[in-house]
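Here's a quick walk through a two-part look at a model. Have the viewer open as you read.

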Amino acid sequence: MSSAEARSEGRTMLFLRHLTSISCFFVETMKWTLVKPFQGKPLRLRSAIAQMDEVGVKSIPIVALVSFVIGVILVLQTAYQLDKFGAVGFAASLAGVALTREMAPLLTAIVLAGRVSAAFTAELGTMMVTEEITALEVMAISPVAYLVVPRFLAMVVMLPCLTVLSDVIGMAGGYFVGTLAIGIRPALYIHDTINALLVKDIMSGLVKSVVFAVIIAMVGCYTAFVVKGGSEGVGKSTMISVVTSLISIILADCLFTAIFYMFM
Amino acid sequence: MRLALETLIEVKNLCKSFEGRPVLEGINLAVERGSVFVIMGGSGCGKTTLLRNLIGVIRPDSGQILVGGEDITLFDEKRMDGYRKRFGMLFQMGALLNSLSVRDNIALPLREHTRLDEKIIGVMVKMKLELVGLRDFEHLKPAQLSGGMQKRVALARALALDPEIVFYDEPTSGLDPVVTGVISQLILDLSKRMGITSVVITHDIGSAFMIADKMVVLFRGKVVAEGTPQQIRESPDPLVQQFIHGRPDGPIPLRQSSRDYLEDLLDI
């Protein structure tokens, strides 16, 4: 076996090992979220609410800005193409469907992957390096219950909320440019959008956003728990965390889009 | 003035290696209830690994750790948590939670493991802080305290649940002589007045001789000397003598490479 082969096999093994341990990490998180509260170990709701403020409420401005601009771009781009067929009027419905099914969940998740995944890894990774996490363990306090579950809950609750917000603001952006720049009649734009949207479009977007939330929270926290080697390790893990969540989000998006396409 | 010479912690033939490199090679020691037991040794001799085994953060490859007659290496997570509530631990850098105030840090184990009223917890936090002389600082964040104060707060947190054992990881490293003296005195007081068993890991010779009832010297994962401070001081072992007097020449090698220096240079 050549050394390159050996190295690639080593990498495959490493990847599989990480995949196994992140799955165990997820199972542990679910145990503390869904099972332990019924065995007299209540959820730390106060801490979860503080995290919701941190990851959710404070992300509103940036999510709103990105969604508005994406709405504008979507309508402009589709109008440009549809103009060739004399069907500019369809821009409204196209933008609405594209936003709710795809763009709003994906872009919100990407914004949060950069903002939140990095923050989780940097904060928890530093706690790992300064032995704060070991200290929790030694005080018989589960670090998963104390640190991970509130962050997990915050993400799973807030990302779908932010996605709904993104849906609305994105469509407002489309309405803005569609009525003012392209000249679609306001009443027609609203009518078209409402007619084109089905509940299942919005639902499939929300299902995706829950999956993305799980990915961001798990990758962000897991990479922190495997930090090695001081501040350099924290920096490296933070980078790995952002890249991994971005790639996983896009892969998961592809998978779920395919599933929805086939079964809905 | 000890009442009974009962062994509380007993380590039997403990071995641990990391990636094939042995770190602990058959450690044996016994700690009596209510005494101060000091583990000394140079950097990289396995002190920290030994301590991590004692607090159940890592498990040994072989050997036993008996605490009150029960082998903690066989404990599952639930029983381990029960054991962990019986001891406190002072980490080298304090390991206070930076996001919480001093008060909340000390209250944390109380809030997690007791159903005490918030008012009573407040009183207990004040008592623990008074013990380490920092009652005025309960509303500050750990980052606003000096290193020595952080360690004292961490000690207060370690004592929050009134443990029977306290483990100290380098309690005096990086502190000025006065704070070193204060912490050493605190460890002594806790043991003599409250009967807390202390296990201290240190390479601070002065403080070690001041507080120890019994001490061991580790070298390369083995116990090379054991006894009272007097016995250690009079030990004929040149290794021990070099260590306690901090002499640069002696059996403890400065260089840790296995290859010949000349060979290594010529290789480039």
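This is a predicted model: local features need pLDDT of at least 70, side-chain atom pairs count only at pLDDT 80 or more; totals for chains, interfaces and linings use all residues.

How many bridges join strand E1 of chain B and strand E4 of chain B, and is the pairing parallel or antiparallel? Five bridges link E1 (residues 7–18) and E4 (residues 62–67) of chain B, and they run antiparallel.

## Ground rules

Residues are numbered from 1 along each chain as its sequence is written, with chains lettered from A and ligands numbered from 1 in the order in which they are written.

## The sheet in chain B

E1 and E4 belong to an open antiparallel sheet of four strands, ordered E2-E1-E4-E5 in chain B. On the edges sit strand E2 (21–32) and strand E5 (70–71) of chain B, each pairing on one side only. Strands here are DSSP E runs of at least two residues, helices are H or I runs of at least four, both numbered from the N terminus, and two strands pair if DSSP finds at least two bridges between them.

Helix H1 (residues 47–54) of chain B packs on this sheet and touches E1, E2 and E4 of chain B. Contact means C-beta atoms, placed from the backbone, within 7 Å. The direction of H1 makes about 60° with that of E2(B); axes are lines fitted to C-alpha atoms, for helices over the stretch in contact, and angles run from 0 to 180 degrees between N-to-C directions.

## Chain A

Chain A has nine helices and zero strands. Its C-alpha trace spans about 65 × 55 × 35 Å along the principal axes.

Technical notes
Two residues are in contact if their C-beta atoms, placed from the backbone, lie within 7 Å.
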